[in-house]
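User: I would like to go through this model term by term. Please set each value against its cut-off.

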Amino acid sequence: MDIGWYLTVSALIFAIGAAGVLTRRSPLVILLCIELMLNAANLALIAFARMHGDPDGQIFAIIVMVVAACEVTIGLGIIVAMHRRRLPINVDELRELQG
Amino acid sequence: MTSLKLFAWVTLLAPLAGTIALGLLGRRLTGRAPGYLGTAALAVSFASAIAALFALQDLAEDERQVVAVAWDYASTVGVDAQLSLLVDPLSVFMMLIVAGVSMLIHLYSISYMASDRGYTRFFAYLNFFVFSMLLLVLAGNFLVLIIGWAFVGAASYLLISFWYRRATATRAGIKAFVINVLGDVGLVLGTFFIFRHTGTLDFLGTFERAGEAFAGNSADLTAGLILVLVGAFAKSAQIPLHTWLPDAMEGPTPVSALIHAATMVTAGVYLIARMHPLFELAPTAADVGAVIGCLTLLVAGTIAIAVTDLKRVIAYSTMSQIGYMIMGVSAGAYAAGLFHLMTHAFFKALLFMAAGSVIAAMAGQQNLDRMGGFRRAMPFTFGCMLIGGLALAAVPPFSGFFSKDEIMLLVGDRGGWYWILYVAGYVGALLTGVYAFRMIFRAFLGEPVAEARELEQGHLHHAEVHTNPATGEEEDSDVGFPGAEHHIAEREPTMKIAMGVLALLAIFGGLVQVPHVTHVVDGFLEPTFHDSALYERHPSDSLISLGVVLGTVAGVLGIAIAYLVWVRNPGLSGRVRERLAALHKLFVNKWFFDELIDALVVRPSRWFGSFAQQTFERVVVNGVLVGGTTGVVKAGSSAVRAAQTGFLRYYAALVVVGMVLMAFYFLVST
């Protein structure tokens, strides 16, 4: 199949993830959308790896998944801390760090 | 030659060592020890000056201008600044006078200042002053001269405001210092004018090059010398920079004797004598000096017959006599002017010392109106004051007669319009006789006042409440105010010795330069002035005789007038004062110079100062410059701060937008 299809799907998923990050208020959902964007990138990487017959892309995709996992751990840890302090779980209301 | 240089250095540095020793050891010395230490330093200095005199006379006549260099300050392109001393007859002459008279005044002060809490400080300052003055007269180039000049001004300030808790004293000190600084500016600018053409700061070098550097009647040289004269006038209290001298009488009497009679105020005379080759190349500047000297001697003489403060009469007398000296050296009578400097140092210091004794007997009171009849109570002081007065009034054979006579002789010999100065000089001599003996008759003759009667019984008057003699404010006798005890000459041997020596010098000091008989001063100073066109002058015998007669008549007539007005007809002075009320007002108010300077200089300066503070500082500097810069920075940063909203989605949106733009850029650019 043409590489273009895979890239289109990847782009669509990325756009949906980006739109989610920009519009959703809950940090948990924003983390999910970030995951979406990361996976879209993974898809593109694997598609190119298949196209060139080069395993490098697949290895890089696994590394990206590891990074995503670590980052989600930390992100969820922050959300649990926010919940523990009874802070509103709403990125719009958490804006004290401003100029 | 090396021993001469050594003696010169020892003379210069002994007082400095004295100051440092007194400064460091001061606390540990008790009683009168600081006084003896200070006087010892001066004694070493004087002895060394005498040794220098002998060493100088050992040299051949044409080798008597020796330069002693310590080190180079800066050998940069074009400027030869060294710490150099010029030891020649003129500087040795001044050295002897300064060291000698200072030593006697130190001796006097040992007793006079004995009960003052600032005793050590006094001697430290006095030694520092002598060091500065010696530096000034020994200077071998303009740089060291300016340094000495400035130090002398600073020492004068320290000593005038010695009783620093007295408001009048500190104000007087500031006034003296400010006017002296004005003179310093003139001196430095004048030096620059001269240096620009000659290219050297060294005195001997400048004088050698002066001929070609200032060909013709150079305007630059005249301007430069007039600026130098500003310096001389400020230091020597000539019109119009004289207003500090009477106020400087706020300092203790030994200070007045030393600084404002014998040494500091004579620095201007020394300066003109030292720069004589330059003055002879610019006769206009010399004429300015002569005219101002003449004006001063007349104005000061008129004021002296009207003021009532004892020390101020003597201060105006000093101003007047320095006017003679300045007139003399400007007219080319160098030896005569310096001779008068010497005799004046003797009799003026003597007069101040005697005045100090009288003021002590009056427990600090200085007003002539309150004094009278001390003749029986203080015979020694009366004798000294009488000798000083006769010398001042230039009655032969006292020293003042010969020196003043010599100046007038040479001024008259110049001819032309100098005859006006000649006449004015003798009018001044008449006034001198009047005010000198007015002072003496009022203080010593007549009915004894209460203090004098007390003293005749053997009890020195002691004020229960110490007051400022000028304003009557109450004071205590702690540090910063005069001491509780007063010391008169009759009871203190050191004061007697000092005054006795000066009295002898005032009587016999003139015999070194009697016309046609002795030429000690002339001959001694010859090597310094051998390049002068005006030095070797031989006035006619008729002029000499005329001078002798006029001088004697003027002095004796002055004394006679004073006797008639203040002794024979006691009410006469009051009646004259009423008849000539306007004139009296002019004289008593010192010709309104203080008010004039206040209106011309002080008020505009104050206005400028308040303008600078209220308007310029507040509006321009604080408002526009400082406020404007901070305002701009604040506005800029608040604009930038608006981007920090704290809103997470806003930041995420910016990231996305940036990414999209970058992608577009790469797409478009291919």
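Analyst: What follows takes the labels one at a time.
This is a predicted model: local features need pLDDT of at least 70, side-chain atom pairs count only at pLDDT 80 or more, and totals for chains, interfaces and linings use all residues. Residues are numbered from 1 along each chain as its sequence is written, with chains lettered from A and ligands numbered from 1 in the order in which they are written.

User: Why is chain A called more spread out than a compact globule?

Analyst: The radius of gyration is taken over C-alpha atoms, and the globule rule is 2.2 Å times the number of residues to the power 0.38. For 99 residues the rule gives 13 Å, and chain A has 17 Å, well over that, so chain A is more spread out than a compact globule. Its C-alpha atoms fill a box of roughly 50 × 25 × 25 Å along the principal axes.

User: What makes up the secondary structure of chain A, and of chain B?

Analyst: Helices are DSSP runs of H or I with at least four residues, strands are runs of E with at least two, and both are numbered from the N terminus. Chain A has three helices and zero strands, in the order α-α-α. Chain B has 26 helices and four strands.

User: What makes B:Leu421 count as buried?

Analyst: A residue is buried if 20 or more other C-beta atoms, placed from the backbone, lie within 10 Å of its own; 12 or fewer means exposed, and in between is partly exposed. B:Leu421 has 24 C-beta neighbours inside 10 Å, so it counts as buried. This residue sits in helix α18 (residues 418-444) of chain B. Buried residues are 51% of the 670 in chain B and 12% of the 99 in chain A.

User: Which residues does B:Leu421 touch, not counting those up to four places away in sequence?

Analyst: Contact requires C-beta atoms, placed from the backbone, within 7 Å. On that basis B:Leu421 touches B:Ala290, B:Cys294, B:Met327 and B:Val411.

User: Why are α14(B) and α15(B) called roughly antiparallel?

Analyst: Axes are lines fitted to C-alpha atoms, for helices over the stretch in contact, and angles run from 0 to 180 degrees between N-to-C directions. Under 35 degrees counts as roughly parallel, over 145 as roughly antiparallel, 65 to 115 as roughly perpendicular, and the rest as oblique. Helices α14 (residues 310-330) and α15 (residues 334-361) of chain B cross at roughly 175 degrees, with axes coming within 9 Å. The pair is therefore roughly antiparallel.

User: How do you know that α11(B) is roughly parallel to α14(B)?

Analyst: The axes of helix α11 (residues 267-274) of chain B and α14(B) cross at roughly 5 degrees and come within 9 Å. That makes α11(B) roughly parallel to α14(B).

User: How many nonpolar residues are in the contact of α11(B) with α14(B)?

Analyst: Ala, Val, Leu, Ile, Met, Phe, Trp, Tyr, Cys and Pro count as nonpolar; Asp, Glu, Lys and Arg as charged; the others, Gly among them, as polar. The contact of α11(B) with α14(B) divides into seven nonpolar, two polar and no charged residues. Its residues include B:Val269 and B:Ile272 in α11(B), and B:Ile322 and B:Met325 in α14(B). The contact of α14(B) with α15(B) has 13 nonpolar, six polar and two charged.

User: Which helix gives the largest share of the side of chain B that touches chain A?

Analyst: In total, 10 residues of chain B are in contact with 10 residues of chain A. Helix α26 (residues 648-669) of chain B supplies the largest share of chain B's side, five residues. By class, that side has five nonpolar, three polar and two charged residues.

Notes. Two residues are in contact if their C-beta atoms, placed from the backbone, lie within 7 Å.
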